[in-house]
2 protein chains.
Amino acid sequence: MREEFQAELQEISDLLVSMAEAARIALRRATGALLKADREAGELVLVSDAEIDALYRTVEEKVSDLLARQAPVASDLRMAITALHVASGLERMGDLADHVAKTALRRHPSPAAPAELRDVFDEMAQVADRMIAKVIEVLRTPNAETAAELDGDDDAMDDLHSKLFRILLGKDWPYGAETAIDGALLGRFYERYADHAVNAGRRVVYHVTGVNPAG
Amino acid sequence: MREEFQAELQEISDLLVSMAEAARIALRRATGALLKADREAGELVLVSDAEIDALYRTVEEKVSDLLARQAPVASDLRMAITALHVASGLERMGDLADHVAKTALRRHPSPAAPAELRDVFDEMAQVADRMIAKVIEVLRTPNAETAAELDGDDDAMDDLHSKLFRILLGKDWPYGAETAIDGALLGRFYERYADHAVNAGRRVVYHVTGVNPAG
């Protein structure tokens with residue numbers, strides 16, 4: 001029974017890693033669509049979003065099934081609840097990558113991000129990629145320290161978000177409202193992606209320490 | 001045991017209703033801050049967001065505790081998992097009301113929404129209010145039909161969101177990038193609030209029917 005339970009938890013954990021890897025590749029591709037007007041990459045994001053959604057449903061079913069059959073307690077129960085929350089966040093990260101890709105595709109073949117914004121989006125994408133890499137690491141080997149590092153990364157993301165707004169709201173912004181709106185929404189998508197990575201990290205801290213970090 | 005379990009589920013359900021009522025009042029106040037430059041209303045939203053976060057932590061603790069002690073199965077287990085998801089969505093709705101309020105307060109005493117956008121935000125707020133009212137109703141008495149109505153309301157919200165963008169992107173938009181960005185982000189906050197209401201409704205359908213609507 002115990003062995004079977006551990007095997008099932010491992011299977012759920014592997015699914016979360018698959019979701020996180022897919023969410024990582026999705027944002028990389030979406031950024032490619034945004035910064036390199038790579039249409040094919042953008043279209044692949046839309047496909048992988050559906051795959052991430054399907055993985056999410058599988059995780060939910062497996063966790064419900066596990067709770068119903070095995071009635072875990074203590075750290076096993078925390079692990080199961082953590083899995084539900086993390087899966088929900090990863091599903092949203094897939095959605096956010098999808099929003100970035102759709103914004104890029106809507107403007108294709110024109111670039112959705114004008115020259116003035118490319119560096120800041122490139123940096124935001126790099127920070128986001130570093131963060132999801134840490135989420136994957138933590139999912140493979142729960143580690144409160146790596147999870148806690150995500151807060152520092154999120155500060156870097158917030159700084160970039162502020163920088164983006166300084167450019168958008170600068171007196172010398174040469175584009176119209178539409179490009180400013182796209183820029184602001186794209187910034188929000190990257191920033192929310194990072195927030196979900198932080199939350200996933202916090203959930204792992206909860207799993208390791210039992211202290212509920214919600215809110 | 002069974003009676004105790006039902007009493008605890010009822011207590012969790014009551015907490016969800018409290019969260020939903022707080023999220024409803026929060027968005028009403030935030031809209032007041034936005035459309036009537038009501039500073040006091042806006043500041044109250046910031047306070048209630050902290051209260052909603054505290055309620056969320058309480059729900060999570062109670063559900064974990066319930067799962068650990070009672071090991072529910074079947075519809076009882078579904079109810080507990082539903083509660084976790086719904087609480088997470090309601091917490092986000094509180095955050096989104098908070099974002100609306102902060103956007104309004106940042107511009108105070110100037111109105112954050114120019115005359116051209118007031119009607120559409122007023123309508124978005126009304127649709128959102130109708131939706132959270134249905135979520136409260138469904139939390140009190142789970143009802144798949146009322147929950148399903150939320151999809152129609154969400155279509156109305158999407159139409160308003162499109163209308164907002166037509167105004168923002170119209171050739172005769174008389175304001176600069178900053179007001180356009182605020183308008184677009186505010187629109188997104190209302191629209192996401194509505195999405196979370198739909199998800200809460202779907203979760204209740206899941207609870208009633210056992211069919212997982214995730215994704």
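**Note on a predicted two-chain helical model**

1. In chain B, helix α4 (residues 115-140) packs against helix α5 (residues 144-168) at an angle of about 165 degrees, and their axes are 10 Å apart. Helices here (H or I, at least four residues) and strands (E, at least two) are DSSP runs, numbered from the N terminus. Axes are lines fitted to C-alpha atoms, for helices over the stretch in contact, and angles run from 0 to 180 degrees between N-to-C directions. α4(B) and α5(B) are therefore roughly antiparallel to each other; angles under 35 degrees count as roughly parallel, over 145 as roughly antiparallel, 65 to 115 as roughly perpendicular and the rest as oblique.

2. This is a predicted model, in which local features need pLDDT of at least 70 and side-chain atom pairs count only at pLDDT 80 or more, while totals for chains, interfaces and linings use all residues. Residues are numbered from 1 along each chain as its sequence is written, and chains are lettered from A and ligands numbered from 1 in the order in which they are written.

3. The crossing of α4(B) and α5(B) is left-handed. A crossing is called left-handed if the near helix is turned anticlockwise from the far one by less than a right angle, and right-handed if clockwise. Residues on the α4(B) side include L117(B), V120(B), M124(B), V127(B) and M131(B), and those on the α5(B) side include L150(B), A156(B), M157(B), L160(B) and I167(B). By class, the contact of α4(B) with α5(B) has 13 nonpolar, one polar and eight charged residues. Ala, Val, Leu, Ile, Met, Phe, Trp, Tyr, Cys and Pro count as nonpolar, Asp, Glu, Lys and Arg as charged, and the others, Gly among them, as polar.

4. Between the chains, helix α2 (residues 39-70) of chain A packs on helix α3 (residues 74-107) of chain B at about 130 degrees, with axes 10 Å apart. That angle makes α2(A) oblique to α3(B), and the crossing is right-handed. S64(A), L67(A) and A68(A) of α2(A) meet A74(B), L77(B) and I81(B) of α3(B); residues are in contact if their C-beta atoms, placed from the backbone, lie within 7 Å. Five residues of this contact are nonpolar, one is polar and none is charged.

5. Across the whole contact between the chains, 28 residues come from chain A and 29 residues from chain B. On the chain A side, α2, α3 (74-107) and α6 (177-209) each supply at least two residues, and α2(A) gives the most, with eight residues. That side of chain A has 18 nonpolar, four polar and six charged residues.

6. Chain A is superposed on chain B by a rotation of 180 degrees with 0.0 Å of shift along its axis (RMSD 0.0 Å).

7. Some backbone details deserve a check. A cis peptide bond joins H108(A) and P109(A), with omega about 0 degrees, and another joins H108(B) and P109(B), with omega about 5 degrees. P109(A) lies in the loop between α3 and α4 of chain A. A71(A), in the loop between α2 and α3 of chain A, has a positive phi near 45 degrees. A37(B), which follows α1(B), has a positive phi near 45 degrees.

Key
Contact = placed C-beta atoms within 7 Å. Least-squares fit on C-alpha atoms with pLDDT ≥ 70 in both.
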